[in-house]
Amino acid sequence: MTQEVNQFVEFKLGDEVYGVNILQVKTIERMMPITRVPKTPPFVEGVINLRGEIVPVIDLKKRFDLPHTETTENTRIIIVTVENITVGMIVDSATEVIQLSKDDIEPAPDMAGGIDSSFLDGVGKLDDKLIILLNMSKILKPQELDQLSHI
Amino acid sequence: MNEQYLNVFLEEAKEHILSLNQDLLELEASPEGYVVDEIFRSAHTLKGMSGTMGFNKISQITHEMENLLQEIRSGNMTITPEIIDTLLEATDVLESFVNTIAETGEEGKQDIKSILNKLKRSDLTYISNEQNDTQLQEHHGFNEYEGRLINQALEKQLYVWKIIIKLQKECLLKSARAFLVFKTLENFGDIIKTEPPVQDIEDEKFDSEFTLFIVTSENRENIKVALESISELESIVIEPVNKVEGDEKKQINRETKTDDNSSNSQHFNKTMKMTKTIRVDINRLDKLMNLVSELIIIKTRLEGLNQDSDIQKKREALEYLERITSSLHDAVMKVRMVPIENVFNRFPRVVHDLSRDLSKDISLTIEGAETELDRTIIDEIGDPLIHLIRNAADHGIESPEERIQNGKPEKGNIKLKAYHDGNNVVIEVGDDGKGIDVEKIKEKALQNGLLDQSKQTNLKQSELLSFLFEPGFSTKGQVTGVSGRGVGLDVVKTKIESLGGNIEIKTAKNVGTTFTIKLPLTLAIIQALMVMVGDEKYAIPLDAIKETVIISVSDIKKVQHNEVILLRGNVIPIVRLYNVLDIEKTSSDLESLTLVIVRKGDRDVGLAVDNLIGQQEIVIKSLGDYLKNIKFIAGATILGDGKVALILDTNALI
């Protein structure tokens, strides 16, 4: 019997391992100069010049209220496109591409790695690793941004 | 379905619908001529295209249009305003289908029965010869068109008779008998409906009885006598037909139609998400191509230069490169330019409908339709212009009687004019109507509290007229169907300002009103002043800047906790950008302060910056959907060093 297998880009925030569906990932970039944009929520770092295109960049750790870590050699910006919105996400490192079949994915517990489960698609199990799978369309919902900026 | 083909289809379908609209109006103005052929061709092409794409409803409608036009072409039918209206209505239906396809990729479920019937029934003799599509035929009762015919006939004191004919059982040639009945009745008037349909009667697809409805001036007796002369008829029953209560239904139809329209405009934004395409003159592309090949040549030349090459050669090469890039810039800009014709083309139809709805006689003159504008502006400018045209037709142009009284020609005129003026494009919407009553504006402004009793005496006309752009300001007591429903003048103004333009009114009593819109040639590239605030770089559009001044801090005065400066007698508020933009202050307070004075309308504001870097041509880029509507920021641009600088929205700062 064939099982539907999805590929995920695996990355790290602090010590936790996360995954985002590879179909939503455009490119993975090294850290580059970011221009701050005023009047935006704190997790919006600013905008970058991605080969002539202006792309907003968010700090996923700030987005999920995770502890701050310093920018290192390994820091990456994962550029994702979801529902016509292109955004870069700053992550501590982007490690590899993994394959998960439907059976390997379980629904997310209420809080996984300190993140609200509504932002998650589930938790993937690979060998003895747990990979928190992000629901990018929820995370990048403009309404969220609006609400947050009004707080 | 392949999206690529869908886009081509949509683009071409829109063009054909546009030309259908234009040609139909032309046909109305001059019924003689070759326009019918043009219309026929457009309908035919549309039919073919939609058939290929599997859009059956469009091809059905165009097929019926074609049939109707064929009758006109062959001279079997003469052109009446009703026929034109029916064809225009059919074009509207086609357009709404095309819009639905643009949004959803499918035709949708809109009903086409009524328009098909209208197209079929536009001429009665024509329909009786034509094969009926039984699937779409309404079997019971009268359809809208028949109902209207009957009502009109009754209003004109004509009779409408229902005639039930029963043939004798032994009658052999039933259709021949029926033909005789038809022949006889046609001498009296028009047969508007038969049961069963004519085709079935001709094919003998009926038992022994059939019913006819006839509009005639003849009374019952005469008809009966005439029919009795036909043999083999068993019985003839003639009954009067009363007024058909179809009005209500018609009303509902119309209402649903307006609903459709509004939902169309709501969907407008969705449509915009589709890939935008542009038609480009091949010569322009060739020129672009040439420039790019030159660019490759200069690249090779630069590669050939080495450390030892003399400075003169290097400089020459760089100059050459500069020349090519600026030509390239020009050429690319030209590719984005579209004649304003694309917008103006819609308006003759708009004016035609308006003059019918308002029962005013209005003509439209268009000048400078070939003037070119950036595609982005073209897409946005249509709605504001329609609003101004509606205004002109409704408020500006007087009723024909009033015009004659005032010694003006009975026919009102709305004039659209576009021309280039330096780096701007000017669009004028003018009418020769009664003009705006400035006194009325003053009254209303006093009422609304926009104007102080004490200040009113020394106001200029232009200042009073600017009140018209205030939200919710209307001098007309009641809202008519034409204006007052859509956007107000304030929205027009906001839209035009968001495009980087401005709008002015000129009016003279009994001479007319002209709205003058000034727009930048393009939105993509502007001149900007680069400034430093803290250690961040910002671009301020040069259009908005009045001047830059350096003032001494001691000259700053405080008015109600706000800093102001007195500059040549004007009080100008100061906005410290690092406060507004939450920038960390790097330099300590100095004795002098650099101000960039920006202006919006009549109001000036001084933006305090740390340093002026200089003037630069910048390419405007959007921040994207994720960061839209950020306060104070109009967009971003990429600087020479590859970094991103934000463009300030000066209108938001004032």
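Predicted model: local features only at pLDDT ≥ 70, side-chain atom pairs only at ≥ 80, totals over all residues.
Me: Where in chain B is confidence lowest, and where is it highest?
Reply: Helix H6 (residues 124-129) of chain B has the lowest confidence, at a mean of 39, and E22(B) the highest, at 93. Chain B averages a pLDDT of 79, with 86% of the residues scoring at least 70. For chain A the mean pLDDT is 84, and 89% of its residues reach 70 or more. The model scores ipTM 0.86 and pTM 0.51.

Me: How does the reach of helix H2 (residues 35-53) of chain B compare with what is expected?
Reply: H2(B) has 19 residues and reaches 27 Å from its first C-alpha to its last. The expected span is 1.5 Å times one less than the number of residues, and for H2(B) that is 27 Å, close to what the model gives.

Me: Which residues of H2(B) are buried?
Reply: B:Ile39, B:Ser42, B:Ala43, B:Leu46, B:Lys47, B:Ser50 and B:Met53 are buried. The term requires 20 or more other C-beta atoms within 10 Å of the residue's own; 12 or fewer make it exposed, anything in between partly exposed, with C-beta atoms placed from the backbone.

Me: Why are the buried residues of H2(B) said to line one face of the helix?
Reply: Seen down the axis, the buried residues of H2(B) fall within an arc of 135°, so they line one face; the arc is that of the directions from the helix axis to the C-beta atoms. On the other side of H2(B), B:Asp37, B:Gly48 and B:Thr52 are exposed. B:Gly54 follows the helix, with a positive phi near 80°.

Me: What makes B:Glu439 exposed?
Reply: B:Glu439 has 11 other C-beta atoms within 10 Å, so it is exposed. B:Glu439 is in helix H18 (residues 438-448) of chain B. B:Glu439 and B:Leu464 are 25 residues apart in sequence and 8.8 Å apart in space, C-alpha to C-alpha.

Me: What makes B:Asn510 count as exposed?
Reply: B:Asn510 has 12 C-beta neighbours inside 10 Å and therefore counts as exposed. B:Asn510 is in the loop between strand E10 (502-508) and strand E11 (512-520) of chain B. Its phi is positive, about 65°, although B:Asn510 is not a glycine.

Me: Is A:Asn84 buried or exposed?
Reply: A:Asn84 is exposed, because 9 other C-beta atoms lie within 10 Å. A:Asn84 is found in the loop between strand E6 (76-82) and strand E7 (85-91) of chain A, and its phi is positive, near 70°. Most residues other than glycine have a negative phi.

Me: What makes strand E8 (93-101) and strand E9 (105-106) of chain A edge strands?
Reply: Six strands of chain A form an open sheet in the order E8-E1-E2-E13-E12-E9, with mixed pairing. E8(A) and E9(A) each pair on one side only, pairing being at least two bridges found by DSSP between two strands. Strand E1 (residues 5-13) of chain A pairs with E8(A) in the antiparallel sense over eight bridges. A:Asn6 stands opposite A:Leu100 in E8(A).

Me: How many residues of chain B are in contact with chain A?
Reply: 20 residues of chain B are in contact with 21 residues of chain A. Strand E21 (633-638) and strand E22 (644-648) of chain B are the elements that give two or more residues to this side.

Key. Residues numbered from 1 in each chain as written. Chains lettered and ligands numbered in written order. Helix = DSSP H or I, 4+ residues; strand = E, 2+ residues; numbered from the N terminus. Contact = placed C-beta atoms within 7 Å. pLDDT = per-residue confidence, 0-100.
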